[in-house]
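Have a go at each task before you read its solution.

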Amino acid sequence: MKPIQVGLLGIGTVGSGTFHVLKRNQEEIQRRAGRGIEITMVADLDVPRAQGIVGPGVTVVNDARALIANPEIDIVIELIGGYGIAKTLVLEAIAAGKHVVTANKALLAVHGTEIFAAASAKGVMVAFEAAVAGGIPIIKALREGLTANSIQWVAGIINGTTNFILSEMREKGLSFEAALADAKRLGYAEADPTFDIEGVDAAHKITLMSAIAFGIPVQFDKTYVEGITRLSATDIRYAEQLGYRIKLLGITKRTAEGIELRVHPSLVPAKRLIANVEGAMNAVVVQADAVGTTLYYGKGAGSEPTASAVIADLVDITRLHTADPLNRVPHLAFQPDAMSDLDVLPMSEVVTSYYLRLRVADEAGVLAKVTGLLAESGISINAVLQREADEVGGEGATSTDLIILTHDTREGTMDAVLAQMQALPTVLAPITRIRKEELN
């Protein structure tokens, strides 16, 4: 059978990894796919560099549209990134009847509904395993492996940069700034790490997983996003003393009121497997009714781990290339005409438990006033700790830290109580609030 011909848009880190892994494991991949898969054309603005990577047997052009227009190309891999020209080229490839493989989580999280609709109308596939958690096959697990289940929630460490920073802060007692500098020096963080440290990258990924888990449209604009820039080594140390680790989690849950869709730092019990995922590794936990809890762990980025996911998508498309479009696995796991209209809850309606840290004046009655405000709002307390001045950084005997763990309450209720607490003259600094997730 004639090999499937693939065109590659952009041959950077992931593109070069894809080319080399496909070439290195060509025989094994062909045995699995049923026919050969060859990258025969590459579009990249730096033609000489691209030619140096792929060698003489591959056509290299600097015009992406020339690649899309090539009638010999069956599948287009988009590895350009971003929302702009990538969107235009993906839609043009679909219009030209090409299947698309992409690692572009930002593009799909923001424009996925339009892109998937266009692909369905044209009868082509858009595969995006590499867009979430690098080499971990979590998209395939959600779309296919867990298809018998009603999924209840998904929670993941899905950004390696932030997990590396939090691991460094915990293990070495570093400040956020020092840990970020280490991450940049070691190549775990970009020169501009904003998307990572502010939680945007994780939000793109959990948006896609939520759509697949619950059969809802892609709705990045409704995702609550909070990064790690305000976390302190103090809170990481206190969390450890309480038996928790702090992780940046992407979380999506099905509740009676609607879908939760959120990214923020969370206290996770140290005994949970996901709490022990360190460095730049990723992990995703899925809770479902039939199978229970499953954990998916591995490298979330890098040239060859991500290439592994790209090539898995190429194999899937090759196997299904001649199949009736109605018999293929839908892009978002559910049939397009069976998507749910469940609402995504505003963060104020989310119910969870909390870790609070208050720097307060070390005088009588402060604890009673603070706990009284919580009681008046119906928020029950799980634990209270007090740390003396010498433990919190040498402000003499004039201040102390109160650490309060609460039971579940509505976020909007907690917001109102925090405003009341912050207004107390005995509260000496901005209150730290970190949500707590038991994940059981």
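**Exercise 1.** Work out whether T318 is buried or exposed, and list what T318 touches.

*Solution.* Step 1: T318 has 6% relative accessibility, so it counts as buried (buried means under 20% relative accessible area, exposed over 50%, partly exposed in between, with a 1.4 Å probe and protein chains only). Step 2: find its place, which is helix α13, residues 303-320. Helices (H or I, at least four residues) and strands (E, at least two) are DSSP runs, numbered from the N terminus. Step 3: leaving out residues up to four places away in sequence, T318 touches I4, A33, R35, I37 and I75; contact means heavy atoms within 4.5 Å.

Two notes before you carry on. This is a predicted model, so local features need pLDDT of at least 70 and side-chain atom pairs count only at pLDDT 80 or more, while totals for chains, interfaces and linings use all residues. Residues are numbered from 1 along each chain as its sequence is written, and side-chain values use heavy atoms, with hydrogens and water left out.

**Exercise 2.** Check the span of helix α16 (residues 411-422), then find which of its residues are buried.

*Solution.* Step 1: the expected span is 1.5 Å times one less than the number of residues. Step 2: for the 12 residues of α16 that should give 16 Å, and the end C-alpha atoms are 16 Å apart, which agrees. Step 3: the buried residues are E411, G412, M414, V417, L418 and M421. Step 4: look at what they pack against, including α14 (366-376), β13 (351-361) and β15 (399-406).

**Exercise 3.** Which strands does β7 (residues 151-157) pair with?

*Solution.* Step 1: two strands pair if DSSP finds at least two bridges between them. Step 2: β7 and β11 (residues 281-288) run antiparallel and are joined by six bridges. Step 3: β7 also pairs with β9 (residues 244-254), again in the antiparallel sense, over four bridges. Step 4: zoom in on G156, whose bridge partner is V284 in β11 and G250 in β9. As for cover, six of the seven residues of β7 are buried.

**Exercise 4.** How many salt bridges are there, and what do some of them join?

*Solution.* Step 1: a salt bridge is a side-chain nitrogen of Lys or Arg within 4 Å of a carboxyl oxygen of Asp or Glu. Step 2: by that rule the count comes to 33. Step 3: take E114 and K87, whose side chains meet at 3.2 Å, N to O. E114 lies in helix α6 and K87 in helix α5 (residues 85-95), so this pair ties together parts that are 27 residues apart in sequence. Step 4: now take R357 and D401, at 3.8 Å, N to O. R357 sits in β13 and D401 in β15, so the pair links parts 44 residues apart in sequence. Both R357 and D401 are buried. Step 5: for a network of salt bridges, look at R170, E171, E240, R245, K247 and E278.
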